[in-house]
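Me: I would like to learn how to read the features of a protein model. Please take me through them one at a time.

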Amino acid sequence: VMSDKTIKGLTKVLKDLEKFGKEAKTEVDEVTKITSMDIVADAKAFAPKNNGKLAQSIVYTKVGEADYKVIVNSPYGAYVEFGTGAKVKVPIELQGIASQFKGKKAGTFEQGLRAIKDWCKSKGIPESAAYPIFMSILRKGQEPKPYLYPAFVKGRKQYLKDLKELLKRLTKKYD
């Protein structure tokens, strides 16, 4: 959720835009939608690629007026983003979100082993290496590979710029 907590000055810009009524509401919704689409596109580009399922699972959805949500529909998305075990790294502003995944499993042992076997096959590594690799990941953890947070940081900067540009345009139009 974008607010003054995540984007300094957002509340003031939105309040100034409210003065322009319905036209501004429609345009703010459009800017918000485009920002969501950009965050999705960047997150997909930043996501580590193995078989592409993680990137394919990143989507946006409209939840209200000028209110969009970017969602990762992969059961392991958070573990890729934040890492696992002793290697977990979570940006302060995402700790509330990340805590939802602590202690939860992304799948069964068999599913994890199968995923590592598939990865080995795609990399030309003998399948017999899958079990030791998987056990090492379970014991030592996995380094985070952030893809959504960098896309969000990039998107929120552009969002404020675009809203300020909209305010400038509407102010010029009605002055």
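Reply: Start with one residue and its surroundings. Contact means heavy atoms within 4.5 Å. Setting aside neighbours within four places in sequence, Tyr149 is in contact with Glu81, Pro91, Glu93, Leu94 and Arg156. Note that this is a predicted model: local features need pLDDT of at least 70, side-chain atom pairs count only at pLDDT 80 or more, and totals for chains, interfaces and linings use all residues. Residues are numbered from 1 along each chain as its sequence is written, and side-chain values use heavy atoms, with hydrogens and water left out.

Me: Which residues have the most contacts inside the largest nonpolar core?
Reply: In soluble globular proteins, nonpolar side chains tend to be buried together. A nonpolar core is a set of buried Ala, Val, Leu, Ile, Met, Phe, Trp, Tyr and Cys residues joined through side-chain atoms within 4.5 Å. Buried means under 20% relative accessible area, exposed over 50%, and partly exposed in between (1.4 Å probe, protein chains only). Here the largest core has 17 residues, and those with the most contacts inside it are Ala43, Ala47, Leu54, Ile58, Phe82, Tyr147 and Tyr149.

Me: Which elements give two or more residues to this core?
Reply: Helices (H or I, at least four residues) and strands (E, at least two) are DSSP runs, numbered from the N terminus. The elements in question are H2, helix H3 (53-56), helix H4 (77-82) and helix H8 (148-174). H8 gives the most, with four residues. Apart from this core lies another, of 13 residues, including Leu10, Val13, Ala24 and Leu160.

Me: Is Ser36 buried or exposed?
Reply: Ser36 counts as buried because its relative accessibility is 6%. Ser36 is found in helix H2, residues 21-46. Beyond its neighbours within four places in sequence, Ser36 is in contact with Tyr60, Tyr68 and Val70.

Me: How many aromatic pairs are there?
Reply: A pair of aromatic rings is described by the distance of the centres and the angle of the planes. Rings of Phe, Tyr and Trp (its six-membered ring) pair if their centres lie within 6.5 Å; planes under 30 degrees apart count as stacked, over 60 as edge-to-face and the rest as tilted. The count comes to four aromatic pairs. Tyr60 and Tyr68 form a tilted one, with 6.1 Å centre to centre and 50° between the planes. Tyr60 is partly exposed at 30% relative accessible area, whereas Tyr68 is buried at 13%. Ring pairs also link Phe109, Tyr131 and Phe134 into a cluster.

Me: How many salt bridges does the structure hold?
Reply: A salt bridge is a side-chain nitrogen of Lys or Arg within 4 Å of a carboxyl oxygen of Asp or Glu. The structure holds 10 of them. In one, Glu27 meets Arg169, with the closest N and O atoms 2.8 Å apart. Glu27 lies in helix H2 and Arg169 in helix H8, so this pair ties together parts that are 142 residues apart in sequence.

Me: What do the side chains of Lys154 and Asp42 form?
Reply: They meet in a salt bridge, at 3.3 Å from N to O. Lys154 lies in helix H8 and Asp42 in helix H2, so the pair ties together parts that are 112 residues apart in sequence. Lys154 is partly exposed at 46% relative accessibility, while Asp42 is buried at 16%.

Me: Where do Asp118 and Arg114 lie?
Reply: Both lie in helix H6 (residues 109-123), four residues apart, about one turn of the helix. Salt bridges that share partners also join Lys12, Asp16 and Lys19 into one network.
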